[in-house]
Amino acid sequence: MALAEETAIELGTMPEAAEALAEIRAMVQPCIQCGTCTGSCPNEFAMDLTPRHMWRLVLLGRTEDVLASRTFSLCSACYMCTLRCPRGLPLTEAIGRLKQLAAPRHLPHLRSGDLFYRNFIDSVRRHGRVREMEFMSLYFAQMMNPWLPLRYAGMGMRLMRRGKVALQLPSRGSGRLAKLFEKVAEMENRP
Amino acid sequence: MKYLYYPGCSLEGTAREYDSSTRAFMTAMGADLTEIEGWTCCGASAAEAVSELLTLVLPARNLALAEAMKPSGRDILVPCSACYLNLKRVEEKTRVSHALRDRINEALAADGLAYQGRTRTRHLLDVVSRDLGAAAVARHLVRPLTGIRVAPYYGCQCLRPYAVFDDPESPRSMEPLIAAAGADLHPWTMGAKCCGASHMNTKMEVGLKLVGAILEAARGADAVVTVCPMCQMNLEAYQRQVARQSGTDCTMTILYLPQLLGLAIGLSPEALRLDLNLAVTGAFLEKLQHTATAA
Ligand code: SF4
Ligand code: SF4
């Protein structure tokens with residue numbers, strides 16, 4: 001698959017991805033490949049790898065294949081697999097780690113999720129609270145897909161009519177939680 | 001019954017009626033809510049996709065603020081399931097790892113805050129079903145919702161991974177409350193199934209499938225009740241898209257639990273901000289008209 005190859009090349013220059021994956025591997029080491037996670041997942045129908053298969057690849061250290069798949073980005077954190085895994089593994093949390101591993105790599109197949117979360121978090125940094133309309137407009141602008149906002153336009157109008165969201169221009173400034181965010185970034189970048 | 005109150009970002013925006021109805025219902029039931037001063041976003045589902053430490057520090061900031069409020073000893077009441085889980089996770093993790101608490105506190109110090117681990121976060125459904133209880137709702141009953149059939153929708157994160165007040169796979173805590181309101185139960189097995197959470201924003205096709213299955217199973221009910229702004233939005237805002245995709249009509253009234261219970265104890269639709277809901281059908285309002293106020 002062209003996408004997988006493209007992604008693999010990109011990851012080849014990032015050896016630290018393999019290192020981070022080792023931590024995630026430790027979280028799921030006791031997996032017995034029973035498939036309960038797959039059978040419990042409401043999003044499995046849309047995934048390219050089943051959750052069980054993805055954990056197998058994590059255990060084998062196949063970083064490129066894991067990150068090239070959409071499986072972890074399709075997790076909606078319902079915690080059903082975590083609840084049911086017979087080995088009691090923290091699967092939803094491990095998927096969160098995979099999302100964190102993928103985020104800074106800007107993988108093309110994960111773009112919409114990346115942009116959504118980045119704009120959301122940026123809104124939090126600046127205002128302390130999320131301004132729903134502001135971050136949605138930034139998200140739409142950066143997706144550069146003119147059809148996308150139309151899918152939400154009807155809903156947006158209904159929300160505006162009820163005064164639930166207001167049109168807001170993105171505000172500037174260092175931000176209400178900037179110090180806290182800087183500190184967290186500094187702590188996470190320590191060797 | 002005194003609680004600290006963490007509304008969370010949605011309840012200031014798209015879920016304002018959840019905020020209004022929670023406050024109105026809880027107050028009418030004799031509870032006292034004090035908003036946490038200076039609260040900020042808990043990180044929602046976004047922080048986890050970006051940074052592990054931020055996922056813990058953003059909610060911890062609010063726990064630290066709550067802890068500093070006097071008088072101490074009040075539980076934190078949270079209506080949003082995603083906020084609830086984020087706050088709860090920090091409580092659970094720092095309880096077993098003091099090293100983690102120290103790490104969080106190192107970050108919080110940048111804001112002049114510290115968290116000692118003395119808070120107790122509770123979901124609204126936990127408080128309503130166990131602190132208030134169905135018997136209290138029955139005692140306050142003014143307008144029995146006779147003939148209205150309700151499907152209880154719990155979603156995920158108030159149930160899992162921390163099973164605090166209900167069965168995480170087959171929850172039932174709303175059933176006695178619905179009965180106490182004089183309404184009928186729509187029996188179904190979708191109450192604890194996932195609505196897709198933020199998929200509607202990033203992967204709409206997948207989200208529509210999950211929501212479609214829930215709305216399909218709700219057919220025959222007069223309303224679905226929710227206890228989370230994200231579940232509510234997913235179930236109420238995309239009914240037209242679901243219908244287009246599946247070719248079947250799935251129009252359904254979607255209410256927040258305190259709106260349903262609020263109606264039963266005699267609060268007005270205005271006070272409960274039913275006008276802000278995106279999906280309240282004419283058929284539902286007509287049925288509501290026919291429920292007599294006993295007072
Ligand atoms: S449920 Fe647990 S043990 Fe079974 S395959 Fe999934 S991760 Fe492995
Ligand atoms: S937590 Fe994620 S991976 Fe696990 S069952 Fe739910 S959606 Fe699937």
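A residue is called buried when its relative accessible area is under 20%, exposed when that value is over 50%, and partly exposed in between, using a 1.4 Å probe and protein chains only. In this sense helix H6 (residues 124-132) of chain B is largely enclosed by the rest of the structure, because seven of its nine residues are buried. The model is predicted, so local features need pLDDT of at least 70 and side-chain atom pairs count only at pLDDT 80 or more, while totals for chains, interfaces and linings use all residues. Residues are numbered from 1 along each chain as its sequence is written, chains are lettered from A and ligands numbered from 1 in the order in which they are written, and side-chain values use heavy atoms, with hydrogens and water left out.

**Helix H6 of chain B**
- Helices (H or I, at least four residues) and strands (E, at least two) are DSSP runs, numbered from the N terminus.
- Among the buried residues of H6(B) are Leu124(B), Leu125(B), Asp126(B) and Leu132(B), and the helix is followed by Gly133(B), whose phi is positive, near 90 degrees.

**Aromatic pairs**
- Rings of Phe, Tyr and Trp (its six-membered ring) pair if their centres lie within 6.5 Å, and planes under 30 degrees apart count as stacked, over 60 as edge-to-face and the rest as tilted.
- The whole structure holds three aromatic pairs over all chains.
- One of them joins Tyr6(B) and Trp39(B), whose ring centres are 5.3 Å apart with planes at 70 degrees, so the pair is edge-to-face; the two residues are 33 residues apart, and both are buried.
- Tyr18(B) and Tyr256(B) have ring centres 4.1 Å apart and planes at 5 degrees, so this pair is stacked.
- Because Tyr18(B) lies in helix H1 of chain B and Tyr256(B) in strand S8 (residues 253-256) of chain B, the pair ties together parts that are 238 residues apart in sequence.

**An open sheet in chain B**
- Two strands pair if DSSP finds at least two bridges between them.
- Four strands of chain B form an open sheet in the order S6-S5-S7-S8, with parallel pairing.
- Strands S6 (184-185) and S8 of chain B stand at the edges with a single partner strand each, so one side of each is left without a neighbour in the sheet.
- Strand S5 (residues 149-152) of chain B pairs with S6(B) over two bridges, and the bridge partner of Arg149(B) in S6(B) is Asp184(B).

- Cys80(B) is in no disulfide, as the nearest cysteine sulfur, that of Cys83(B), is 3.6 Å away.

Conventions. A disulfide is a pair of cysteine sulfur atoms within 2.5 Å.
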